[in-house]
Amino acid sequence: MQTIDSSELSILQAVVEGTLQTTGDDFLRSLVRNLCLATGVPNGFLAEFTESGTRVRSLAFWTEGEFLEHQEWDLLGTPCEDVLRGNLCHYPSELNKKFPHEQGVESYLGVPLRDSGGRILGHLALFDQKAMPEQPKLLYTFKIFAARAAAELNRLRMEEQLRLSEKRYRALFDEAPIAYVNEDRDTRFLQANHAALRILGISPEQVPGIRGISLVPDTPEAQARLRAAFASVDKGTDSAGVVLELRRKDNGRPVWIQWWSKADLSGQFMRTVFIDITERVLMEQEQAKLQAQNQYLQEEIKSTHNFDEIVGRSPVLQSLLNQVQRVAQTDASVLIQGESGTGKELIARAIHFAGKRKNQPLIKVNCAALPSNLIESELFGHEKGAFTGAVNKRIGRFELAEGGTLFLDEVGEIPLDIQVKLLRVLQEREFERVGGQTPIKMNVRVITATNRNLLLEVAEKNFREDLFYRLNVFPLTTPPLRERLEDIPLLVDFLIGKFAPKIGKKITGIDPKSLQRLQGYRWPGNIRELENIIERAIILADASTLEINPDQLPQTDLETTPDFAPSSDASLDSIAREHILGVLEQSRWVIEGPNGAAIKLELKPSTLRYRMQKLGIVKTKQQT
Ligand SMILES: Nc1ncnc2c1ncn2[C@@H]1O[C@H](COP(=O)(O)OP(=O)(O)OP(=O)(O)O)[C@@H](O)[C@H]1O
């Protein structure tokens, strides 16, 4: 074993102390400098292979008392080439005889630096313009320095590899299409990748400390989902995960995610993974809505009559239809008032189908048919668990009518507390489901109808005045049948055509006396009543001409006069009608001329025509 003397020891001590405090590049520079000082050789360097493998690049280069910036050179034809083949090379003198390129260099000492696997990373070398002494002390000292240099080079390489691998993992983590979050047991985020930031609407600066649970809305359903999520921790991604409803941090919009979480080895931190399923959930919601709409429309079809047909040529009806045509083109709220059975629903449908929303749903709510405690959820829907009995989420009629029209029939029956809510929804054009907290924007045209005198209801404080004016932007009134008696012949023909085939009878028309009788009746139940009477008469009919006997018409007296008072004295009119009809029949419906009805009635033909029109006397098919 070789021993070292005190001068060598002090040199080594100086070297160790000189490199003790430094690492990395500084260490290498200090090592090369101290090697030169310790050996008395003026030039030294430490170099590594470049990527090409045919060149080397210096990591530290000491020459004549100063450092040179990084140098790079070809190996070919240099003593370094030998060193990098794995040999310690020592040329104490006359180097340039063997390597003619190395002009001015007399001596060289180089040693390869290897990694733990024996692979050569680079080399450490000394060179001089003078000959180098061939002392073992020099070689010994040099080898110690080389061993240290190799260790540091190795460490640097490992550090670089670690940095690269971390960078690769970081990129994998950051760029993964699945959201990853590291969080503590209190759901406080430590790290979140890009997908997580994008889905949750948070910026990288907001990550440290943000709590996952702060993104869960305070609705019973969302909180129940959160509890299920906590219970599912550690079940692993083989399980279906939990569907969570969140609100984005930036704009509060709802986000739906499928969520898995697992504790790490320490048990203190959670590795959470999730994917965005908002689109799927919205699609499912849309599907549920369409299903509900479909079911509703199926029911509607079952109860639909031939709604396209609004029969009548009377001036009052024509003027109403004229207004329907005009208002249909707008989105204005329409309030249709009129007695029961006068065709308010028919008019509401006509408005919808003549307007630009005709390809969107028309949804009807009969407010009188709903128990008052259910109206709100019927209109606006409810969340699961919103109240006892709300077992499932329900989509309300406003949501079903999105893009189309909502027809609120018997709007006068809505309780006052719901009237307030309805008013707010109409003003703000958004609503919340019962038990829900997410405002739902709406684009719905509202048409309402009532057979009550709503102004009277407002005066009696049964109906809110502000709501009345909001609904009554465009008022329409359906006339009672007794004000359009002239439409009765047309209506009777229409109704025979509607019911006879269904009942299976061949009816060609109505006998004139019966028609006269119908036109003399006051019709408190309006067209619905007429429908019933005609249907019943068809059922009872034995012949092809329909007959309606007096006992088939209820006796009208003042008690049966509806809310909406008639505009004229019906009894006088009906006497006049009966008389004129009788004369017309005698004269075979000839008005003018010597045998005409006008002469018999002592009226001018034009006056007779005017009276006939006013009293609704029209020739029917049988009278033709
Ligand atoms: N002009 C009309 N032509 C043909 N049928 C009509 C006409 N007006 C109403 N009807 C028919 O009369 C019946 C009652 O009409 P509708 O239900 O529209 O009345 P309403 O005023 O809404 O009644 P309610 O106030 O009782 O709800 C319906 O079967 C409808 O088809």
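This report walks through the strands, helices and ligand shell of one predicted model.

Residues are numbered from 1 along each chain as its sequence is written. Because the model is predicted, local features need pLDDT of at least 70, side-chain atom pairs count only at pLDDT 80 or more, and totals for chains, interfaces and linings use all residues.

**Strands**

Helices (H or I, at least four residues) and strands (E, at least two) are DSSP runs, numbered from the N terminus. Two strands pair if DSSP finds at least two bridges between them. Strands of a sheet pair through backbone hydrogen bonds, either parallel or antiparallel.

Five strands form an open sheet with parallel pairing. Their order is β14-β17-β20-β13-β21. The edge strands are β14 (362-366) and β21 (474-477), and each pairs on one side only. From one strand to the next, the twist averages 20 degrees. Within this sheet, L406 has V446 of β20 as its bridge partner.

| Strand | Partner | Sense | Bridges |
|---|---|---|---|
| β17 (residues 405-409) | β20 (residues 445-450) | parallel | four bridges |
| β8 (residues 179-184) | β9 (residues 189-192) | antiparallel | three bridges |
| β1 (residues 43-49) | β7 (residues 120-128) | antiparallel | six bridges |
| β1 | β2 (residues 55-63) | antiparallel | seven bridges |

G44 stands opposite L126 in β7. L46 has A60 of β2 as its bridge partner. The hairpin of β1 and β2 has five residues between the strands, and there G53 takes a positive phi near 85 degrees. The hairpin of β8 and β9 has four residues between the strands. In that hairpin, T187 takes a positive phi near 65 degrees. N182 is bridged to Q191 in β9.

**Helices**

Axes are lines fitted to C-alpha atoms, for helices over the stretch in contact, and angles run from 0 to 180 degrees between N-to-C directions. Two residues are in contact if their C-beta atoms, placed from the backbone, lie within 7 Å.

How does helix α9 (residues 315-328) pack with α10, and at what angle? The angle is about 40 degrees, with the axes 8 Å apart. That makes α9 oblique to α10. Angles under 35 degrees count as roughly parallel, over 145 as roughly antiparallel, 65 to 115 as roughly perpendicular and the rest as oblique. The contact is made by V324, Q325, V327 and A328 of α9 and I347, A350, I351 and A354 of α10. These residues divide into seven nonpolar, one polar and no charged. Ala, Val, Leu, Ile, Met, Phe, Trp, Tyr, Cys and Pro count as nonpolar, Asp, Glu, Lys and Arg as charged, and the others, Gly among them, as polar.

Helix α2 (residues 24-39) and helix α5 (residues 136-175) have axes that come within 10 Å and cross at roughly 175 degrees. That makes α2 roughly antiparallel to α5. Their contact includes F27 and L31 of α2 and F142 and F145 of α5. Its residues divide into ten nonpolar, three polar and two charged.

A residue is near a molecule if its C-beta atom, placed from the backbone, lies within 6 Å of it. Of the 21 residues around the ligand, V311, S340, G343, K344 and E345 come nearest. Helices α10 and α18 (526-540) are the elements that give two or more residues to this shell. The shell divides into six nonpolar, nine polar and six charged residues.
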